[in-house]
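User: I would like to learn how to read charge pairs and surface patches in a model of this kind. Could you take me through them step by step?

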Amino acid sequence: MIEPMPMIEKVRASLRHPDGLAPNAAALAYILVTYVGGWLLMARPGWLLPALGVLACAHGMVVAAYLIHDCAHNALFKNTAYNTRLGKALNWVAGGCYGTYEDLRYKHLRHHVDNADTIAFDYRAWLKAHPRTEKLVFALEWAYVPAVDYLMHAVLMVAPFIGYGDPAQRKRTAAVLLVRLTLLAALAVWSLKAVLLYFVAYALLLTVLRFFDAFQHNYDIIATLNDKEAPLPHKGDREYEESNTYTNPISRRWPVLNLLVLNFCYHNAHHTKPTLPWYKLPAAHRELYGDDFAQTLPFKDQLRSYHRHRLDGIHAETYGQVEATRAIREGSAVPVYGLSFLTAF
């Protein structure tokens, strides 16, 4: 008689990498504790605990977003269906659930295959056609409010109704909107303060995601996501991909700090081995590139360029627009917005 396999061994056997149980369980536990705990703290009286709650909730969503990215690459489980289920659940935490996980994954994998950022909605052209909104976006971005990314997520909510998403998804999108708004209304009855602070936490999430996206490539942005016949000059060009991808760690001296963004900053290693999970990327980076990799961008120089050129980034159409390592050190690199993998168009 064959004894049934213990549950923990079943889970371990389902993982793409056998050593992934502890780190991924820890990441999921962290998301649960910080997200739920963040909401509870945001509802408390005073300002210190609510402020800690904002940071906890925001960081829980950041980790959830980057774990979705690993799911999209099937880096967690052997079975695509398991990655999909987890990715869908995490997408509700990260707030990208208005679009489908499948569309999110398709767009992101196109980024890897096309060696470009192929998009369906060009917010730059839209802003130029709506000058009043454009002025508001510039004013908010001057004040460090991620208005472009709020716009992208707003479009995600209505994409099937305005021609940028699949009309067949209208019922699903409407249902998701209804559920999310109902939950927010219920939470507002419990604590209006917590709901208002949640939007602050979400602004932090969007800021973190786009900051780490902003200088990781010198790719073209091409508004042809739905045109499978569109020319893509660098599709499949591995040499182009490597030379136009940059690694942007929070710290090289204390690499443990890179866990704050689930090692997403080891971006060259990720593009070289895209199915490698987040916890293996530091070792892969050392093996592939060593400690003195020329395409590593210093964190403080990224901050300087982001600050100086945060308004130029609104209409920027290629990452950095010049060779990133030189531009970052000169403080002349221009960030690029609106390319989050949470928006599927």
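Analyst: Let us begin with Asp-114, which is buried at a relative accessible area of 1%, where buried means under 20% relative accessible area, exposed over 50% and partly exposed in between, with a 1.4 Å probe and protein chains only. Bear in mind that this is a predicted model, in which local features need pLDDT of at least 70 and side-chain atom pairs count only at pLDDT 80 or more, while totals for chains, interfaces and linings use all residues. Residues are numbered from 1 along each chain as its sequence is written, and side-chain values use heavy atoms, with hydrogens and water left out.

User: Which residue forms a salt bridge with Asp-114?

Analyst: Side chains of opposite charge can pair when their charged atoms come close. The criterion for a salt bridge is a side-chain nitrogen of Lys or Arg within 4 Å of a carboxyl oxygen of Asp or Glu. Here the partner of Asp-114 is Arg-110, with the closest N and O atoms 2.6 Å apart, and Arg-110 is likewise buried, at 11%. Both residues lie in helix α5 (residues 101-114), four residues apart, about one turn of the helix; helices are DSSP runs of H or I with at least four residues, strands are runs of E with at least two, and both are numbered from the N terminus.

User: How many salt bridges does a search of the whole structure find?

Analyst: The search finds 10. One of them pairs Lys-280 with Asp-19, at 3.0 Å between the closest N and O atoms, and this pair links distant parts of the chain, 261 residues apart, from the loop between α12 (267-272) and α13 (281-289) to the loop between α1 (7-14) and α2 (21-42). Lys-280 is partly exposed at 23% relative accessibility, and Asp-19 is also partly exposed, at 42%.

User: Which residues form the nonpolar patch on the surface?

Analyst: Patches are made of residues with over 30% relative accessible area and no salt bridge, like charges being joined within 9 Å and nonpolar side chains (Val, Leu, Ile, Met, Phe, Trp, Tyr) within 5 Å. In this model Trp-47, Leu-48, Leu-49, Leu-52, Leu-55, Val-200 and Leu-204 form the patch, with about 690 Å² of accessible area together, as computed by the Shrake-Rupley method with a 1.4 Å probe, where for residues only the protein chains shown count as cover. The largest share, four residues, comes from α3, and α3 (48-72) and α10 (192-214) each supply at least two. Leu-49, which lies in helix α3, is partly exposed at 32%.
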